[in-house]
Amino acid sequence: AGEGHLYLDGAEVKTLAGVVSPKGFPATLAFGAGAYLAEVRISSIQRYSGAPRAASGRGGTYLSELAPVRAVQAWAKLGNDCRIAGDGTKTPLVLGGWVYGKGLGTHAAAELVYELGGRWAACAALIGISDLAQGNGSVVFQFFGDGRKLHDSGLFTKERKPEAVRVDVTGVKQLMIRVLDFDDGISGDHANLADAVLLAPGAEA
């Protein structure tokens, strides 16, 4: 036991108190404090490298590395490569028991707009409700290209497993991602888009 540090893709995410040594896996890592305390169960040090992927990121650009022209949401602020937290605490993106180093953490109702300039072939992401969300969240992910709906995920709750989506954005100048609250309030509506990436024509999926 003692103090530890968690690194994702080489970047420190959060200083952790009371983390057991790697010899002690499985381990529980704690993030945040008070009402925002969350725990992630890690079964082995190799688990991150085997996580499900929406795309490799090769031949593309992660959305978290771009500045949106519009980013509004009903609670807190957009998290780039981290989950959103109301007190500004930077905690990782966790979906389906896996920790992701790249992606977007947002909260319904949200509207995220990116200028693509017609250069990209697809937008890929692993979507779902954050494992760290409290309560029973319910969200719908929608993707629009130049005002035209390209994809509707249908209802996601914490019981629905994260899903990989690949949306054709060929020729699209402006991409808008909406996260809807399903008209039942926004409690627990923490929506993650892990590995959210724009892929160039011919890029590896």
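Modeller: In this predicted model, Asp146 has a relative accessible area of 46%, which lies between the 20% and 50% cut-offs, so Asp146 counts as partly exposed. Asp146 sits in the loop between strand 13 and strand 14. The phi of Asp146 is positive, near 50°, and Asp146 is not a glycine. Most residues other than glycine have a negative phi.

The loop is the turn of a hairpin: strand 13 and strand 14 have 2 residues between them. Strand 13 covers residues 138-145 and strand 14 covers residues 148-157; the two run antiparallel and are joined by 7 bridges. Gly145 stands opposite Arg148 of strand 14. Gly145 also has a bridge partner in strand 16, namely Leu175. Strand 13 and strand 16 are antiparallel, with 6 bridges between them.

Beyond its neighbours within four places in sequence, Ala71 is in contact with Leu78, Glu111 and Leu112. Ala71 and Arg178 are 107 residues apart in sequence, yet their C-alpha atoms are 10.0 Å apart.

The largest nonpolar core has 29 residues, and Phe141, Phe143 and Leu193 have the most contacts inside it. Strands 11, 12, 13, 15, 16 and 17 each supply at least two residues of this core. Among the residues that Leu193 touches, leaving out those up to four places away in sequence, are Phe141, Phe143, Ala125, Leu126, Ile127 and Ile177. In soluble globular proteins, nonpolar side chains tend to be buried together.

Asp183, in the loop between strand 16 and strand 17, has a positive phi of about 60° although it is not a glycine. With a relative accessibility of 78%, which is over 50%, Asp183 counts as exposed. In the loop between strand 10 and strand 11 lies Ala109. The peptide bond joining Ala108 and Ala109 is cis, with omega about -10°. Most peptide bonds are trans.

As for cysteines, the search of the whole structure finds 0 disulfides. Cys82 is buried at 10% relative accessibility, and Cys123 is buried at 0%.

The chain as a whole comes to 17 strands and 0 helices. Of its 205 residues, 47% are buried. Among contacts with a separation of 6 or more, 69% are between residues 24 or more positions apart. The accessible surface is about 9,600 Å², and 50% of this belongs to carbon and sulfur atoms.

Terms used
Residues numbered from 1 in each chain as written. Predicted model: local features only at pLDDT ≥ 70, side-chain atom pairs only at ≥ 80, totals over all residues. Heavy atoms only, no water. Helix = DSSP H or I, 4+ residues; strand = E, 2+ residues; numbered from the N terminus. Buried < 20%, exposed > 50% of the residue type's maximum accessible area, 1.4 Å probe, protein only. Contact = heavy atoms within 4.5 Å. Areas by Shrake-Rupley, 256 points an atom, 1.4 Å probe, with all protein chains shown as cover. Pairing = 2+ DSSP bridges. Core = buried A, V, L, I, M, F, W, Y, C linked by side-chain atoms within 4.5 Å. Disulfide = S-S within 2.5 Å.
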